[in-house]
Amino acid sequence: MTQLTLVGAPFSTFSRTMRMALQHLNVDYKLEQAMPHTELAYKYNPFGRIPSLLHNDRVVFETAAIRDYIDTVFNSALTPKDLDTRLKVDQMISVLSDYIFHHIVFGVAKPREQYEKEGKNEGEISQLLEKKLKIAGKIIASVDKMVEGPFLCGDSLTWADFFVYPAMADLYSLPEGKYMAKKAPKLFVWYTMFEKRQEAIATFPNTVADIRKASL
Ligand SMILES: N[C@@H](CCC(=O)N[C@@H](CS)C(=O)NCC(=O)O)C(=O)O
């Protein structure tokens, strides 16, 4: 059988989504480690982003397309068959890739990382993040309204869980995580259930949450 290769990195939330899904679906793959914007990342993605998937002569980049490829070629168990649940899954993934990334990851998490690098103290950081954190709180409270339980889109595990989990796991590891948990209690209950799954445990090393934990 041709080797399936995921070009990505353990810290990358979108790479982690694909690693968890492939593990869950029992699809063997090799992780070829590449950081964003390196020669290797640009070799397979014109924007230098990760992950990319290599199979036979195909190079697939952008996680929406990688998901489609896995569904079509390997196993579509993570995409619900009924239209209503499928729409919920697609909505959740779109919300993750847009609002959660723009307002929480780029609004709060990345600036915090930068302020920490600059040596700012916690008081300064929380003052600088105050406005952005309020916006992030509104976004996460809206996401919470979409959570059905026990999985994000109802009774079955879907792609939505694997897309949302890595970003939330990293966000909850920040000091702002407690505020997020308070603003979105259903999402936090889902997270505490999900972090015990094998796919989450196996892909935890070298994530942002792992690195922060190690440096505490
Ligand atoms: N739209 C892309 C997003 C991929 C993405 O942003 N990956 C991150 C790592 S998780 C990255 O490469 N970041 C580099 C950057 O933001 O320039 C996809 O769905 O594949």
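How much space lies in the largest pocket? About 1100 Å³.

This is a predicted model, where local features need pLDDT of at least 70, side-chain atom pairs count only at pLDDT 80 or more, and totals for chains, interfaces and linings use all residues. Residues are numbered from 1 along each chain as its sequence is written, and side-chain values use heavy atoms, without hydrogens and water.

A pocket is an open set of points on a 1 Å grid over the protein atoms alone, where a 1.4 Å probe fits, with protein on both sides within 12 Å along at least five of seven lines; lining residues have an atom within 4 Å of a point. Its volume is the space filled by probe spheres set on the points, which are joined across faces, edges and corners.

**The largest pocket**

Thr-13, Phe-14, Phe-101, Phe-106 and Lys-110 are the closest to its centre, out of 34 lining residues. Helix 4 (83-117) is among the helices that supply at least two lining residues. Helix 4 gives the most, with eleven. Helices here are DSSP runs (H or I, at least four residues), numbered from the N terminus. The largest pocket lies between domain 1 (5-74) and domain 2 (83-215), because both give residues to its lining. The domain bounds come from an automatic or database domain assignment.

**The second largest pocket**

Its volume is about 330 Å³. Of its 14 lining residues, Ser-173, Tyr-191, Phe-204, Ala-209 and Lys-213 are the closest to the centre. Helix 6, helix 9 (198-202) and helix 10 each give two or more residues to this lining.

**Lining by class**
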